[in-house]
Amino acid sequence: MRMKSILLTRPLLDSLNTRNALKKHGYKVYIEPVFTIKHLQPDISAYKFDVVISTSKNSVKAFSQICKIGDLPIITVGNSTMQTAKDLGFSDIVSADSNVDGLISFIKNHYSIAVKFLYIRGQEVSCDLKKRLSEEGFCVREVILYKTIVKKSLTNRCKNLLSGNKINGVVFFSSQTARVFCSLVLKSGLSHTISNIIAYTMSKNIADSLKSIKWKKIITSRLPTRESLINIINKNY
């Protein structure tokens with residue numbers, strides 16, 4: 001029986017832990033980053049805020065480069081981002097352990113509207129968190145700390161893997177990654193190869209971003225976590 005093969009599409013450093021976890025389950029794993037991350041360094045010294053909100057590991061990484069690490073309170077959308085913040089040296093961190101909707105509910109249930117929030121984010125986001133929290137009466141200032149640089153084409157190796165039917169599944173952690181991958185596949189003239197491949201996603205929004213091409217199946221994990229995503233890969237291979 002041919003070894004199960006999975007393609008990861010996140011930036012290289014973000015993909016390594018997922019690759020290692022999948023390899024333990026017997027998968028052959030390929031990494032094809034469809035964009036790279038560029039950290040920005042805006043001056044936030046004049047910003048007044050009490051609590052930081054982060055919905056991505058990249059925003060925490062970028063924040064650590066422009067802000068003195070200490071006991072600054074941080075709320076993260078999930079446990080993975082919380083762990084990244086801990087690894088970087090932040091100590092006062094709480095995770096909503098959910099998606100954006102759960103994060104908003106968490107803030108409404110645990111914080112006063114008198115609290116001033118700083119939302120750290122990338123240039124592109126799938127949800128306007130500042131707007132939604134502002135509509136709930138919260139004071140939120142946002143700052144863009146990183147941007148993504150999209151690749152112009154798939155690598156020859158990836159094209160050969162797709163055209164040779166060497167990939168069983170592709171994993172997506174964000175809507176942007178899903179959109180970019182689909183556009184690069186279409187640009188390469190390889191959309192016909194995708195009908196034999198299963199797409200694994202962390203949310204309905206990500207799944208919706210994949211519908212420009214026809215997949216064998218699009219499967220969404222029960223929870224927006226890497227562990228839940230790996231579980232559905234194991235169940236649906």
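The following exercises, with worked solutions, concern a predicted model. Local features need pLDDT of at least 70, side-chain atom pairs count only at pLDDT 80 or more, and totals for chains, interfaces and linings use all residues. Residues are numbered from 1 along each chain as its sequence is written, and side-chain values use heavy atoms, with hydrogens and water left out.

**Exercise 1.** Determine which span helix H1 should have, and which residues of H1 are buried.

*Solution.* Helices (H or I, at least four residues) and strands (E, at least two) are DSSP runs, numbered from the N terminus. The expected span of a helix is 1.5 Å times one less than its number of residues. Buried means under 20% relative accessible area, exposed over 50%, partly exposed in between (1.4 Å probe, protein chains only). Asp 14, Ser 15, Thr 18, Ala 21 and Leu 22 are the buried residues of H1. These pack against strands E1 (5-8) and E2 (28-31) and helices H2 (57-66) and H9 (226-236).

**Exercise 2.** Locate Arg 141 and list what it touches.

*Solution.* Arg 141 belongs to strand E8 (residues 139-150) and is partly exposed, at 42%. Not counting residues up to four places away in sequence, Arg 141 touches Tyr 47, Phe 117, Leu 118 and Tyr 119 (contact: heavy atoms within 4.5 Å).
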